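Reader: I am new to this structure. Please pick a part of it and take me through that part closely.

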Amino acid sequence: MPATDGVGEGVDTCCCCLPLLETPVIDFALLASPSPCRQELDKLCSALSSFGCFFSINHGITNSFLDELQSVIKQFFALPMEEKQKYARGTGESREGYGEDDMVVDEGQPIVNCNHRLTLILSSEDQQQLTFWPQSPPNFRETLLEYTKKLQMINEVVLKAMAMSLNLEEHCFLDKYGDKPTLRARFNYFPPSSSNHLAIGLAPHTDPSAITIVLQDKHVEGLQFLKDDQWFRVPVIPDALLINIGDQLQIMSNGLFKPPVHRVVKNQDIERISLAVFCLPYSENEIEPVDGLVTETRPRHYKKVKNYFATFMQYYQGKSLIEALKINT
């Protein structure tokens, strides 16, 4: 089975033939408790050290609300093209708005990401560009703003729990975020593949976030993670949130937590949607390993960096920013 190759239209790895990733499941309620469960913290630490991701259950968001959110996403992508083009992606650094099929470079080879997407900055409020926020369906904005509030709480709890899982002061990762962290949403629509083989919806990559919170399609697989040089299918757990770490948490944890390389493949027959929200520290904050994880036996592995997201987008075209920031020790 191919590992890092086979990434364009005509991927010759049958999705159903790939093994299923035994993704850890974490009880969010046990992390959010005033006295978080030590056993669940240890489970979280193991998940992030081994997999870089976990499913969060009992996260406090009702199934009915998640159904409403997924309905809103489907309604937007079902709009006529002329309506969606009203929110066409801008040319600025933020890259907000609607777009289709972009070109990336992987190991020197150009690849087309075959998807439709809507990118929006959810917070902070002064960063929002509401001209890109759809007015149809009518409850889009209201639903998304409510989801944003819920994710801000989840982001805070998870970052505190990550610190406590490493026996660090609970705010050490949050302090790196600063007063104006950014939540950046990417709504994805993957139409059925036009090929007899699988087509890539998103090419292999890691995320430029600290953490990424993903609402998967409730019925259709497509997300795949690379582990031990082999691709695995990520299962679908309805109403659970998939949380994976990104490059900035790798830096802050001094390499103890590593983000998973992942890709999305399209289904031959069925459309698929997803919503990924990238939790990003304030761009003017310096991101570096937290003090408690730099010791004589484990020296600093990464240089300081500001505005990782913007720099990442430049490096993404065929280069690795996280590799460029490594300190040779």
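Author: Start with one term: a residue is buried when its relative accessible area is under 20%, exposed when it is over 50%, and partly exposed in between, using a 1.4 Å probe and protein chains only. Gln250 has 7% relative accessibility, so it counts as buried.

A word on the source. This is a predicted model, in which local features need pLDDT of at least 70 and side-chain atom pairs count only at pLDDT 80 or more, while totals for chains, interfaces and linings use all residues. Residues are numbered from 1 along each chain as its sequence is written, and side-chain values use heavy atoms, with hydrogens and water left out.

Now the setting. The protein has nine helices and 12 strands; these are DSSP runs, H or I of at least four residues for helices and E of at least two for strands, numbered from the N terminus. Of its 329 residues, 56% are buried.

Back to Gln250. This residue sits in helix α7, residues 247-252. Its side chain makes a polar contact of 2.7 Å with that of Tyr302. Such a contact is a pair of N or O atoms within 3.5 Å; within protein, one must be able to donate a hydrogen and the other to accept it, and residues adjacent in sequence count only if both atoms are side-chain atoms. Contact in general means heavy atoms within 4.5 Å. Beyond its neighbours within four places in sequence, Gln250 touches Gly255, Phe257, Lys258, Pro259, Tyr302 and Ile322.

Val277 belongs to strand β12, residues 272-280. Its relative accessibility is 1%, so Val277 is buried too. Thr212 is 65 residues from Val277 in sequence, yet their C-alpha atoms are 5.6 Å apart. Again leaving aside neighbours within four places, the contacts of Val277 include Thr212, Leu122 and Tyr147.

Just after α5, Asn167 has a positive phi of about 60°.
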